[in-house]
Structure formats: structure tokens, C-alpha cells
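This report covers selected features of the structure shown below, arranged by chain and by residue.

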Amino acid sequence: MLFRSGALLVAGLTLASPLAAQSRTGVLTGRVVAKGDSAIAGASVLVDGTLLGALSNTHGVYRISGVPPGRHTVRVAAMGYAAAVRTDVHVAPGDTVKLDFSLSASPFALPGVIVTASRETQQVGESPASVSVLTRKDIAQRDVTQLTQALPYAAGVTYQGGTLDIRGAAGLAGGVGSRVLLMLDGHPLLTGDTGELDFDILPVLGVSRVEIVKGPYSALYGSNALGGVVNIVTSPIPEEPHTIIRMNVGAYDIPSRHKFSDGIRNFQGLEVQHSLHVVSVGLRLFGDRDVTDGFTQNGRTTRWLFRTEASVPLFGAAPSSFYVIGAREDVGQSFGWRSAQERFEVPPDDLGDWYRNGWLNFGATLDALSRASTLLRFSPYVYYDAVRNHFHDNQDYHRATRAGSSVQLSMVRSGHSLTLGGDAAYGKVTSNIIGNPATKDYALFAQDVIEPSPRFRASLGVRLDGHSVTPGKVDTQLSPKVGLVYHVTPEVSLRTSVSRAFRAPSPVEQFVSTTQYGVRVVPNPDLDPETVTAGEIGATADLGRLWLDGAVFQSRFDRLIQPGPVPGRFFVYQFQNVARARVTGVDLEARFDLLPRLLGLHATYLYLHPRDLTLDQPLPYRSAHTATGTLTVLGGLLNVDMQYRSRVERVLQFPADPRSSTTLVGLRAAYKLSGLLVQAKVSNLFQEQYVDLQERFPGAPRSFKLTLSKGLEGS
Amino acid sequence: MAYSRVGSMAALVALAALGLSSCGDNNPTAPEGNPALVGTYSLVSITFQGQPTLGPPVATGSLTLTDSTYTVTITIAVPGQPQEDIQDSGTYSVSGNTWTQTSTVQNVQSIGTYTLTDGTLSVDVSTSGQQQSSVWQKQ
């Protein structure tokens, strides 16, 4: 079942291939509808054994030009529908073949295709690595304003204490380098100074799905993919003008023992998005303003966020896409809680302290060559971020610019699907505590996917990365991966993979020079990358009203970067390669269609056995058991969400503080009224008191939220 | 709610850094104390995370304990290295021979054991996974 469609995400319907090519090739076109003839927008139509594909438009119409003459197998996949296949489709030179599809609704809103696991479009279940997907429906049914509120419901993923973690790789990052690589439409989205991910610059509207590739994945994407890769995939710009308006208001219900004032602590947000086409150029504009008082003293946060996307026909049939995101956020500083038993107050000296974040992000996807068997893609990006403290006793700042591009050549030849490419990036930091280091990264990668039989699929990949920093050293890393998928039956598949990944130290880890809380921290330019080698065995079963996925895995980490004392010097610290660790676990996901269209259940469970092999202790800030459940009633009119995590076995900062397990329950109800979607939501329904992973950082108390939106369908 | 990246970075490095001098606890369930501990002490020796044991004249310092708080000052003057001056304060509690301390300066907690024999106080604590031992003589 090998098929490719690298051009899929950007393939347009309005552009014709050159006449010369048309005379030697044919065209496939038609309509994708649901049973009952309603159009399905965004369905992926793929031609097996080629890189050709297209998405259906809002009328369900698709068009694929440049189809080589011959007999083809054509597949269609769409979220929420059972995939369909048509074999023996004959295309003659110059022919336009009409091929319609009528899809049956699936009990589960699973995505039709994914793009992250192999840098190409592939069907879910074809990846030898475990992949979790948050679909647009998963996100919409939780009425979230930030993706971090939905990500914990993806199997194997946690988001706590500001740290995104996959299968226990990260723990608590603490703002000094993410062990998960975040990408937006394939462009890396980590800051150039601290190597962090910032979800604050990612709008929720316009997101088609979030793909999470679990396990080390530097073989395709380079540094930071220790725990895996999270790729935010945006939806195509719709053909016709479309406007979405969404506004929300809410309030925190702070328990009386934590109350610090009589006023109501509320939050509100307004998002507006408009899409249009000007001649053949697609545009999508987005603006957002969020304000929250927070639930703590000093907790006020104001965020402005703007995004512009464009789809421009530059190179023949495949339009090129561009985006620019700008955001600014003013955040009240509430760091340094004294005790979870006290009121939510900051120390008197800290009252009024705040800091400002600013971001500017540009990215483009340019398919310079898009043919049936060849795709050449350039993906340039620029990411600027800046932070400045406005504290009573601290005005620290850092800002960084990171610019780079990847080039990727995909080819289908003689049963091989080959991907070759390279990455290059340059980063520059300016800071009073980091200095002015500059980084250079460059890489070459290759991947071959072969399918010796319809049931068996193998993937081999390797990447060579070079990382240099000035002042500092040069380091090279080799990251291989190998994976196998075996389809026992059309409904059941087995997979296994082994891979290696690395994380280059962030500039802040190498060059920070400061005194904080009476502690002197000095640079360590000789810091080495931390690495991980991991393997997993997994299975997926689609049994009609029951969908199951599971994997057992083990990861071995070496040279983990942590703060430590400088040898020979007392009371002086720096970041060092100090720890070896091993994480063993089980990762499960299930979707049940309990009562068709009436009651559904999505459940995840993650078991971790994380050991620090250097200290022979548990790795800190990880729960052994994490589970989520979502009960969907009446097709999403009512949702019940549950998150559970067991007591964190080891913490570092306040180990004598009491710790316990945490169970959070949320309720959401929706009702559509004359095109207006009204949603009411209660989070932390049972007023659980908990810490947000890090000791003395209280988790959010119960909150109530009302959201009104118009135009969400078809977004 | 986002965290301050500058602030949280500092927090992480601070995690590694305490232990050394502090002693204290603001645990709301703070158990019994030991009145015999109250007083002022001089540093006899200090060992930190496998490094050589230091004492006067290279390492000098004083520790003042009330029934629940501590204040410590340590100066390290290793020839050829910059002088390190450490000042810390916070709260502490003891239960049996267990010692729990929380630095209000460094915002971190240490747990370990202590002994008090003939005015000599020995404290062995672990802070963020790092071991530190110190010996003090009551003045």
C-alpha cells in the first residue's frame, strides 16, 4: 500500500500543468462526497506509487494533473470517514478521467493522512514509529484557546509546568532547552536562545491537526527530537471567502483559602479570521487578543497575536505557501510561590513585576518541482524572539534570531520511495546574561522506504548533523533509524523501530553567566549534546467500533544536561553533561464507539519507569501513571474530559512538600443556534488542589467559560 | 499562563545550587525541634558533592540558629580562585535525627540528617540530588 503525495498539502485545483506535460499525461478529477451526496472538503486523494495527490475543495471537487499513462490505484482518505480505494483506473495520454468517491462515515474522527513521520504524505498506520494525532475535531470539542490545553489528550503526551513531554523524555525542562521538537507545517519552532517552544504564537483557528511522532526522530529532523516531534499542520486556505469570529469570557473560582482579593478574576479573548482569494492568490488573515487576570496575584497576562498566510502559484501546479506570525505578550511574574497552603499571593517585593515576550516568525514552503515521481521542496524560515524582565530587581533580557532552510528531494523509483535533503540554519543571540553567541547548524539526511509486498514495509533513514557555536566548539552527530511495518490483516498492523537522536545544548545552557538567588552560574562552552537511543514494538487494530493502538518502548539517555557544581570551585554552578537515564514504558490509546452517534470514548494511558542510572533514583518530575479519558455524547454536544496522573515520585526543589496524585475533570456543552455555536465549559470541576508539576506552582482552580463562535465549520 | 523564561532558567540553576549553606523549613507540618541547637556556630569543615573537604583558613563561616530559622555566611578563598562569599537564610526543622531546611534566598529545600555532640553540629543533606556535609562548632 505504498503511496506518496508530497504535493498533497499544497496542490491546487485551479492551476493547469504545462500543455506539453498534459499531452503526455492525463488528469484525474471528480468529487468526494459522503453517503447522501454532501461534499467532503479536505479529503486526500492519492495516486499509488507516485508523488501525486490533491485535496478536495469545499464542494468536494479534486483535480490531479500530470498523471502518467497507465493503470493506477487511487485512494481517498478523509477525517471521520472510512478510506476508499479504486484499483485499475486507466489513464491515457491527454485523457481527463472522472472518478467520484462516496465515503462511509467512520465512528472515529481519525485523520486520513499524516505528513510528519516520513516527510511525505502517508496513511495513518503506515509509519513504523508511533504517531498520535489530535484532529481538528479533537481540538474543537475541547473549546481551547491554546493547543497546550488539548495536547495532554494525545496518547503519550503530557504538558505540565510549561514543559511539553513525550513518553517521559523531558520531565521539567525549566526553560533551558526542549527535548521535543515543535514544528509549524514542517518549520522548526524553537527559540534561538533557550531552545524552547512557545505555544503562545500558535493560533488554534486554522489548525487542521497536530501530529505527534513519538520516540527519537533526529534521523529526519535533527536536534531536540529526543522525545519526538510535534508538528502543527494548518488547513488549506478555503476557495471561497470565509470568516470566523470567536469570543470567550470566563472566570476563576478561587477557593476561599487561596483568595487574595474580593474581586473576580476573569479572562476573555477575541479571535477573528478571514480567508479570501484574490485572483489565484489565497489569503488568510488572523488576529487575536487574550487577556486574563490569572488566578494568582500578579497573574495578569495580555497577548496580541497576528498571522497572515498566503498561497501563491509560483511553480506550476503546486502553489507555494507563506506565513508570517507576530505576537506580543505581557506577563505578570508570579514565580516563587511560598507554599501551596497559603493564599495565591506573591512576595510583597515582587508585586508589579512583569516581563514581555515578543515573537516574529516567517516560513514558506516552495515546491519548486512537483511531478509524478519527483518533488523538490524548499522550506525557509526565520524565527525571532525577545524577552525582557521588568522586575523590581532584575532587567535581564535576551533576544535571538534563527534563520534557516531545508531542501528536500523526494523520488519514487522502482519500488523505492527515496527522500534526500539538507538543512542549514544560523542563529544569533544578544543578551546581558548569555552574551552574544552565534550558532551554525547544517545537516544532510536520507531516507528510503521500500514495500517488498503489500503487507510489509521497511523504512531506513540516517542524518548527519553539524553544530558549531562561536565562541565554542564544533560537534557532529549521526542519527540513524530503522523501522518495519507488517499488516497482519487489513485491520491489524504491527510495527517496530529503533532510532537515535540528540539535542545540541542551547546557547543559554552553554553561555549563561549570572547570579540568581545567591547562586553563581558560569558558562560551559564545552557542553556536549545529550543523546538517546530507543526502540519500540507496537500494534494498531481498527475493529470497526473499536480502535486500538499500543506500544512498549525503552529509551536510553546519555550525557543528559543538568546544572552541577563546577569542579574545584565551591558554590559555583554550570550546566554539565552529568546523567545517564533509562525510561521504559507502555503507551496505549483506545477509541470506542459505544453507541453509534450517541456515545463515544477516547482513552489514553501511559506507564513510565524512569530511572536516573547515575544516581540510581527515579528521574524527577515524572509520573508513573498518566491517563486521560474523553466521553463524547450526542456527537459532541456534550463532553466529559478527565486527566489523571499519579504522584510524582521524585522532585528536586521542595522534596519535603506533600505530593499526591491529581485527577482533573472538565465538562463542556455545545449548542448551535442560527449559525452561532454556543459553548459552555467548566474546567477542574471538582476543584482539585494540585501543583502544575513544579512544586509550589499551583494548578488552575475551577473555572467557567462561555464561548460564542460563528463560521467554525469549513475553517 | 506562561512562565518567565528568564526567571525559570534561573530557577533551574538554583535547583542545583543550594544545600551548601542553608538549613531550614517552612513545611506547615513542621514537627518538633531541638532547643539545644539554638546558638551561633563557627565553620569547622565543609564538603560538597565529592569535592575536597575545606576548612579554615580556606573556608570560614558562621551559622546562627534560632528555634526555626537559620542565617549562614561562608567565605571560600581557595588560592588562585576568585573568593566566594555565600550568604543564605531560611527556616529549618528537625525530627529525630532528620534535618529539613528551606532556603528563602535560594527557594529550595534540602533533606538529610544531623548530629549534635558536645557542641559540634554535623549536617549531611541532599539538595536536588547533590550531597553536602558540613561541621560546625558552637561558640
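## Chain B

What is the accessible surface of chain B, and what share of it belongs to carbon and sulfur atoms? In this predicted model, the accessible surface of chain B is about 5200 Å², and carbon and sulfur atoms contribute 54% of that area. Chain B has 139 residues, of which 52% are buried.

The secondary structure of chain B consists of 1 helix and 8 strands. Read from the N terminus, the order of elements is α-β-β-β-β-β-β-β-β. Among contacts in chain B with a separation of 6 or more, 50% join residues 24 or more positions apart.

## A nonpolar patch on chain A

Leu594(A), Leu595(A), Leu598(A), Leu634(A), Leu637(A), Leu638(A) and Leu667(A) form a nonpolar surface patch of about 550 Å². One of these residues, Leu594(A), belongs to strand β35 of chain A, which spans residues 572–595. Leu594(A) is classed as partly exposed because its relative accessibility is 36%, a value that falls between the limits of 20% for buried and 50% for exposed.

## Ser468 in strand β28

Ser468(A) is part of strand β28 of chain A, residues 456–470. With a relative accessibility of 11%, Ser468(A) is counted as buried, since the cut-off for that class is under 20%.

Beyond its neighbours within four places in sequence, Ser468(A) contacts Ala438(A), Thr439(A), Lys440(A) and Tyr442(A), as well as Lys473(A) and Val474(A).

Key:
Residues numbered from 1 in each chain as written. Chains lettered and ligands numbered in written order. Predicted model: local features only at pLDDT ≥ 70, side-chain atom pairs only at ≥ 80, totals over all residues. Heavy atoms only, no water. Patch = residues over 30% accessible without salt bridge, like charges linked within 9 Å, V, L, I, M, F, W, Y side chains within 5 Å. Areas by Shrake-Rupley, 256 points an atom, 1.4 Å probe, with all protein chains shown as cover. Salt bridge = Lys/Arg side-chain N within 4 Å of Asp/Glu carboxyl O. Helix = DSSP H or I, 4+ residues; strand = E, 2+ residues; numbered from the N terminus. Buried < 20%, exposed > 50% of the residue type's maximum accessible area, 1.4 Å probe, protein only. Contact = heavy atoms within 4.5 Å.
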